[in-house]
Amino acid sequence: MLNAILEKIMFNSIFEIIKDFQQYIESIVDKQKLDKDVEKSIEKTAQAFYEGFQDVVVEPRITEEFIEIVKKFFESAELKSQCGDLLEEKIAEPDIVMLEQVFYNFGYVEGSIPGFTPREAIASFFLEFKKLANQILSLRTEGYRRIYCDQLVKYHEKLSLTGIPGALDKNPIKLEDVFITLQASRSISKADIMLEDEDGEEQKRDDEPHRPQDVRITETINVFSVSEALSNSRNLVILGAPGSGKSTLMKYLALTFAQNKVKERLELDDDKLPIFIAIKEFPSGNIAENLTNYINKHLQLDLPKDFFIPYLEAGKCIVMFDGLDEVANVRQRSEMAKKVMLFAN
């Protein structure tokens with residue numbers, strides 16, 4: 001009887017603790033999955049608290065007093081604060097000593113329940129609650145990823161015709177329906193080196209005054225598919241004349257990874273989070289630090305500040321920087337290229 005009452009108290013109290021996060025969590029994850037998985041974890045978490053004295057028989061008066069103490073403890077601001085901080089990742093470990101004192105402050109007398117030690121019970125509770133917190137955080141991360149990928153698809157799924165505003169407004173065409181698989185050539189290019197004066201203007205090299213600006217001497221090495229390029233190289237630079245499909249290719253790759261169709265379209269066994277960055281719209285400063293703010297503003301989202309960091313650190317991202325040639329100032333182009341290189345490293 002004691003166990004059943006305590007389980008009901010603690011189950012409801014733990015549910016109250018996470019209720020503040022419930023609406024927030026439900027908005028980004030599957031509610032049925034949340035109810036099913038989290039409810040099981042809550043039951044296990046509640047059981048952990050009184051595991052050490054399940055077979056203890058005590059007189060009714062002490063039982064009633066103990067139940068009241070447990071109820072007050074699980075409704076206490078201190079416990080809720082520690083649990084909330086774990087759920088929000090503000091702390092890594094709870095303050096067990098402080099919480100033990102809170103338990104005693106509610107009137108518990110040492111030894112009144114044989115085999116029960118508050119500190120051990122609280123530690124057992126948090127051992128399970130941390131698993132529950134990690135589960136909720138994992139669900140939250142999965143939910144954010146789904147929302148982000150869905151929004152990325154919506155933003156890039158329609159074909160756009162540069163220079164012809166509104167051309168496809170009435171009859172939009174999906175990029176994936178008309179995309180033609182491209183081939184690439186790896187080559188060594190020898191081109192005129194342009195200098196920049198103090199005012200940002202480009203000049204021809206003085207030692208080659210007679211060569212036309214658009215002359216480019218190229219030695220082609222081999223031709224291969226985009227899939228081969230992605231599978232054989234960690235870092236790639238895509239070069240091509242204006243209108244040759246550089247941006248379209250990267251948008252198609254972003255869609256492919258966001259829709260989880262990498263194996264189907266590229267014949268690659270790769271699960272990476274796609275990040276598409278229009279260089280001319282990206283703010284100055286550190287790329288990693290500004291990444292989430294840029295994505296949130298660009299896609300009208302509210303991702304957590306460090307959402308992309310775990311994916312980046314684990315090598316689980318494909319990051320595409322589009323439009324370096326659209327940065328008009330040569331010096332700024334050079335600075336951005338260096339930032340991209342450092343970011344890739």
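1. Strands β5 (residues 273-278) and β6 (residues 317-322) pair in the parallel sense, with six bridges between them. Pairing here takes at least two bridges found by DSSP. Helices (H or I, at least four residues) and strands (E, at least two) are DSSP runs, numbered from the N terminus. Within this pair, Phe276 has Met320 of β6 as its bridge partner.

2. A word on what you're looking at: this is a predicted model, where local features need pLDDT of at least 70 and side-chain atom pairs count only at pLDDT 80 or more, while totals for chains, interfaces and linings use all residues. Residues are numbered from 1 along each chain as its sequence is written, and side-chain values use heavy atoms, leaving out hydrogens and water.

3. Back to β5. Six of its six residues are buried, so the strand is largely enclosed by the rest of the structure. "Buried" means under 20% relative accessible area, with exposed over 50% and partly exposed in between (1.4 Å probe, protein chains only). Both faces are covered: one side has Leu273, Ile275 and Ile277, the other Pro274, Phe276 and Ala278.

4. Now the helices. The axes of α5 (residues 96-105) and α6 (residues 118-156) come within 9 Å and cross at roughly 125°. That makes α5 oblique to α6; angles under 35 degrees count as roughly parallel, over 145 as roughly antiparallel, 65 to 115 as roughly perpendicular and the rest as oblique. Axes are lines fitted to C-alpha atoms, for helices over the stretch in contact, and angles run from 0 to 180 degrees between N-to-C directions.

5. Who makes that contact (heavy atoms within 4.5 Å)? From α5 come Ile96, Val97, Leu99, Glu100, Phe103 and Tyr104, and from α6 Pro118, Arg119, Ile122, Ala123 and Phe126. By class, that's nine nonpolar, no polar and two charged residues. Ala, Val, Leu, Ile, Met, Phe, Trp, Tyr, Cys and Pro count as nonpolar, Asp, Glu, Lys and Arg as charged, and the others, Gly among them, as polar.

6. Elsewhere in α6 sits Ala133, buried at 3% relative accessibility. Leaving aside neighbours within four places in sequence, Ala133 is in contact with Leu86 and Leu87. Ala133 and Glu89 are 44 residues apart in sequence, and 8.9 Å apart in space, C-alpha to C-alpha.

7. Neighbours within four places in sequence aside, Glu157 is in contact with Ile173, Lys174, Leu175 and Leu255.

Technical notes:
Contact = heavy atoms within 4.5 Å.
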